[in-house]
Protein chains: 2
Amino acid sequence: MGKLLDSIDSPQDLKVLSLEELNQLADEIRQLLIRFCRRHGGHLGSNLATIEPIIALHYVFDMPHDHLIFDVSHQAYTHKILTGRRRAYTDPEHHEDLSGFTSPKESPYDDFMLGHTGTSIGLACGMAAQRDATGGKANIIAFIGDGSLSSGPAFEGLNWAAEQGGNLIIVVNDNEMSIAENHGGLYKSLAALRASGGRSSDNPFRALGLDYRYVEKGNRIEDLIEAFRQVKDTDHPVVVHIHTRKGLGLGQGSQRQIGPTSITQSDGQTSHMTPLPDLPAEGPVEANHWQDGLDSLGRLPNSRKTYGRMAMQALEARFPQEPGLVVISPATPLSNGIDPDFRQRAGNHYRDVGIAESHAIAYAAGIAKAGGTPVVATSATFFQRAYDQIEQEMALNGSAVTLLVFSTGVAKTDATHSGAADMVMMRGIPGLTCLAPTSGTEFLDMLAWATGPARQPVVIRVPGERTLATERAGKPIATSDPTTGGEPWDHYRILQEGKTVALLALGDALPLGRDLADSLERSTGLKPTLVDPHRYDSLDEQTLDTLTGSHSLVVTIEDGQLDGGWGQAVAAYYGPSQVHTLAFGAAKEFNDRVPKTTLLERYGMTVPAMTRAISDALTDEASWI
Amino acid sequence: MGKLLDSIDSPQDLKVLSLEELNQLADEIRQLLIRFCRRHGGHLGSNLATIEPIIALHYVFDMPHDHLIFDVSHQAYTHKILTGRRRAYTDPEHHEDLSGFTSPKESPYDDFMLGHTGTSIGLACGMAAQRDATGGKANIIAFIGDGSLSSGPAFEGLNWAAEQGGNLIIVVNDNEMSIAENHGGLYKSLAALRASGGRSSDNPFRALGLDYRYVEKGNRIEDLIEAFRQVKDTDHPVVVHIHTRKGLGLGQGSQRQIGPTSITQSDGQTSHMTPLPDLPAEGPVEANHWQDGLDSLGRLPNSRKTYGRMAMQALEARFPQEPGLVVISPATPLSNGIDPDFRQRAGNHYRDVGIAESHAIAYAAGIAKAGGTPVVATSATFFQRAYDQIEQEMALNGSAVTLLVFSTGVAKTDATHSGAADMVMMRGIPGLTCLAPTSGTEFLDMLAWATGPARQPVVIRVPGERTLATERAGKPIATSDPTTGGEPWDHYRILQEGKTVALLALGDALPLGRDLADSLERSTGLKPTLVDPHRYDSLDEQTLDTLTGSHSLVVTIEDGQLDGGWGQAVAAYYGPSQVHTLAFGAAKEFNDRVPKTTLLERYGMTVPAMTRAISDALTDEASWI
């Protein structure tokens, strides 16, 4: 550890440092972040760009009296290090202590738990409004950039800021790139502003009625301190546009003097990749979006990447014959197996619209209306940003758009990135066919149907880790019957005929259902019926009616939130009948990086707990007769 | 009818007209729209501003080979009149034939069914992309304005358009005002562009990389024709900013020469109200948002206005003592009883953020974090535009924001404005307390709690027409017990103790439940238990358990979508037990202006149908024993 960093327990400790010491501190933090991300993983590139800006902000302003709100909050590592949380970065034993995002549970210096894009300005406007209503004096600062600025909510916030007036400082961290790439005309204007030292005429901030300042050397602490001092206690909203370098301090390229400290940096505005040859990663880290930790070395690709690549491969084969077949990704493509090589080969068959999910769906609906075949791929948690467009432009208009929903189910995630409620959200919208494939083969069959004969809105929940594990173990449960490959999957598939108890295990819960079936047979001698519903927007009432004859208990298992979900619909269907039901799924709650095994135990979704629950239910039934 | 209009059966018929005839046509349409809206109601002001632009567009372009996409599509009446649908405007017998919005079901000239804001540019980008992928030549035109431009999706679309390139024409209809008022810095820039004849430097369109043209006389057909001819077949995206007059042809004010036809218009950029003394309306029509029809004369205010006014009155009384108590409305305040007088008196206690629902929620979360008490009021259908912010900034962050959800339930609405699925959406999100008051008194008690001691995220579904009717008839069902006014409504209220059958009737379905209880007692002699659950995010398991003893059938009734709703959660709760359930609610489907009685019959939600269904269920039960 560097000596200086050891002495920083709060931002107060910064304020007595000389410029030379501040620069030394930045250097220490830079080395620390590289070490930390190498081992633990993290948003390395973006955080390397924000070390000096965050030091300067804490030097000039008085947090937490003043308020610093990080958009998305993935680039706040230096903020955490400076606000009493450095041990989580310095001590490998404590690497898991902190969220990768800001969290009021961790620190009074964090106002919000954030992980989605574009709301920092709106939140800051709100805090400023309340300050003004109560005669307060605090500076309110929104820190936004790294691709966030082009999202709709960010624009709505910028537009409102000018109207509201009063103290509000919007730091636009312009690192020349988004998580993957920047997209849109806004970024051309930012480039022109950079090229002109902030003087070019087409200024998107002034065009929204905002005051504006430019800092060319956005990683030079003295320039930042000067700029922030000038806007401190401003009586009106002002944008401070700072030009930083993503991945600063890493990789090859030219040497450039950034402030008093000489550091190596990647060069060239056209390069969106920073090679990190000595760090584990799948080839170059994509614009330093995410640096995998050492523990990922040698690990097989996860289900997102595996099935995502499979899907892209299947679609790519059709590109030459289908000019309108287009994959749309609102940023973060690599996480879903949409590799740079594929994107390169795909040409106009691939579009990254940036972090603009609402636009991604409207855009796809337009393509579909004109006869094209759009596939929109992103994480479950990000589709919720386009709820209105999924409901209106896609579902209501019957647009032939296919959604591939990645990163779903009960898992250890940041609370902001949960994939537990996507089925509840999607199935609540009329007009969507929602499919949950239970094998890679079926996934591809469904994708072929959705992008082929269907010509209707389809949602496909990409299979998860359980399915991948069974396939890797050579024990796949069910594959699509090739003869039914063109069908809309409106009939459940009965995998095992039994009696008394029927297990309906949806999507990635099917392997769990199979294990449960085996366990029940072992422990009770009873062979249950096992059903793969593979569709969750509607019920196969015919099969449900058939089950009534020989089953007294129907058990549903889904890898997602129980309340509002498909299992409750099954229960309601059987409500007036003699069939009893038992529904397994996740509680309706927020969880922040809780291990998956802990969650499954909490929800009673382990084989022993489910076996017990079913046995108890059967005992109760017997007692009523 | 004017002679010219009689001869226009398609846009082809326009193309042979002289300029003088086009102006005459505009005049005929203007008179027709005033007559039509006076009788039938409609978006009068905005449509009066778009007559000449739409005539010029159809004159210059070749729809439907070229494509004209109206944002929100509320200002497309002239488009409908020119595309073979004029009879619905000329013949009172056919006034109800058409949607107030564009609809592909009505005409090949309409590409989309739209009613929400900001997606026209994204849709147009998609159609243009597919055209370019397949070697097409059509002009793709997005027509946006009247307050839509400041919504996030519109910005995302503008930002993408520049990147995409190729033919795309974005007509910005700048009528100087939004549905109620314009808000945000963008509108200052538009004003500066108007004042400078399109030459002011802070140009938000150029700042997003778009080509730009300005038409000062946006209601002068020859100027429009010239401008549109210049951009026809453009090879790159271009914004045509046209300056029009909302409500042109109505009301007092100066006479101004607009093209060859002299028409009266309201004057003054500061006036956001156009008085319409000879038209029925509640005082002046609010920026001509909506003109009530003659049939509304003498009608009592609906439930939205009644309960909305009640809420505003209750909050206003607290303003002097509570500087942080703020009502936020993302446009359309008047529809929810947030009257101009109230807004005037409220000062900074009222904020209209424009059509920017995502921002409204983020803004409210910021106010709450800083200690304020924000109340966000809008229609059910518009809250879905802020799904992500409700889930992340409000619920996950535990922000003390109160949502007042207006215009809910099974009703005759445009498909784009349904209020049937709000409960399903809200209850799917963890961390929200969702309340459904069953009287005005309880509504105010809940509002007082939510904006007082609660300090947590609360959603209140404003009571609807059934509740209002019972209160007006002097037969209110349930009022809050004053002694429990401070409670979180986590216990169901038992209104009538009975046996065998328990009726749980949620919110505005309670009057229906009471009628059903009476009917059941009359027809079967059985006195059912009647329960007011008044909360729909969670279950009162204690009361549900109590019912088990003396009831074999629990019936749920909710005024909204069944699938994913509260009734299914009740069914799942009873799933493993001996209690049977029967759930009544709306189907998961889209309905476009289907009468409420038709819907209720279709859903079996009439007293006779429900009585029959319950009797049948009891008979089935008896047969199993």
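1. In this predicted model, chain B holds an open sheet of six strands, and these follow the order β9-β8-β10-β11-β13-β12 with parallel pairing. At its edges lie β9 (350–352) and β12 (433–435) of chain B, each of which pairs on one side only. From one strand to the next, the twist averages 20°.

2. Within this sheet, strand β10 (residues 373–379) of chain B runs parallel to strand β11 (residues 402–406) of chain B, and five bridges join the two. As a general point, the strands of a sheet pair through backbone hydrogen bonds, either parallel or antiparallel.

3. Chain B also contains an open sheet of five strands, in the order β1-β2-β3-β5-β4, again with parallel pairing. Its edge strands are β1 (67–70) and β4 (211–215) of chain B, each pairing on one side only. Neighbouring strands are turned against each other by 20° on average, direction ignored.

4. In the five-stranded sheet, strand β3 (residues 168–174) and strand β5 (residues 237–243) of chain B run parallel and are joined by seven bridges.

5. In chain A, attention turns to helix α15 (residues 387–396). Is this helix largely enclosed or open, and why? Ten of its ten residues are buried, so helix α15 of chain A is largely enclosed by the rest of the structure. The buried residues include A:Tyr387, A:Asp388, A:Glu391 and A:Leu396. Just after α15(A), A:Gly398 adopts a positive phi of about 60°.

Technical notes:
Residues numbered from 1 in each chain as written. Chains lettered and ligands numbered in written order. Predicted model: local features only at pLDDT ≥ 70, side-chain atom pairs only at ≥ 80, totals over all residues. Heavy atoms only, no water. Buried < 20%, exposed > 50% of the residue type's maximum accessible area, 1.4 Å probe, protein only. Helix = DSSP H or I, 4+ residues; strand = E, 2+ residues; numbered from the N terminus. Pairing = 2+ DSSP bridges. Axes fitted to C-alpha atoms, helices over the stretch in contact; angles between N-to-C directions.
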